[in-house]
Amino acid sequence: AMNRVQLLGRVGQDPIMRQVDGRNPVTIFSLATNEMWRTGDSEVTQGGKIWYSTLLFLCNLGDISQKTTWHRISVFRPGLRDVTYQYVKKGSRLYVEGKIDYGEYTDKNNVRRQATTIIA
């Protein structure tokens with residue numbers, strides 16, 4: 001089995017470093033990725049979207065839609081964690097490679113929530 005994700009996007013806020021319950025610190029930040037596709041009645045689509053290799057090509061085709069997805073990134077490895085915290089800033093364009101982690105937590109209102117995190 002394989003659990004691997006690759007993302008290229010922009011950092012949403014300056015990374016923060018947290019340490020919980022005496023465990024190793026973790027650097028956390030959000031990353032925005034964008035998807036673009038052409039909409040229309042006559043195309044053959046995959047999942048309702050048509051993917052093209054360049055933005056220039058997309059701009060010449062007509063009705064273009066865009067979706068921004070926010071990803072929560074956690075960096076645990078000591079060297080990478082510290083470099084990320086020190087040098088990555090809001091608005092930076094960043095490539096992230098890691099694995100997807102699905103978890104649950106209870107919020108301050110005692111409501112059970114699900115969270116998806118990319119472990120880089």
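## Salt bridges

Glu104 is partly exposed at 48% relative accessibility, a class lying between buried, under 20% relative accessible area, and exposed, over 50% (1.4 Å probe, protein chains only). The side chain of Glu104 meets that of Arg112 in a salt bridge with an N to O distance of 2.8 Å, and Arg112 counts as exposed at 66%. A salt bridge here is a side-chain nitrogen of Lys or Arg within 4 Å of a carboxyl oxygen of Asp or Glu, and by this rule the count is 4.

Among the others, Arg113 pairs with Asp107, their closest N and O atoms being 3.0 Å apart; Arg113 is partly exposed at 40%, whereas Asp107 is buried at 17%. Arg81 and Asp82 are joined at 3.2 Å, N to O, with Arg81 buried at 9% relative accessibility and Asp82 partly exposed at 36%.

## Model and conventions

This is a predicted model, in which local features need pLDDT of at least 70 and side-chain atom pairs count only at pLDDT 80 or more, while totals for chains, interfaces and linings use all residues. Residues are numbered from 1 along each chain as its sequence is written, and side-chain values use heavy atoms, with hydrogens and water left out.
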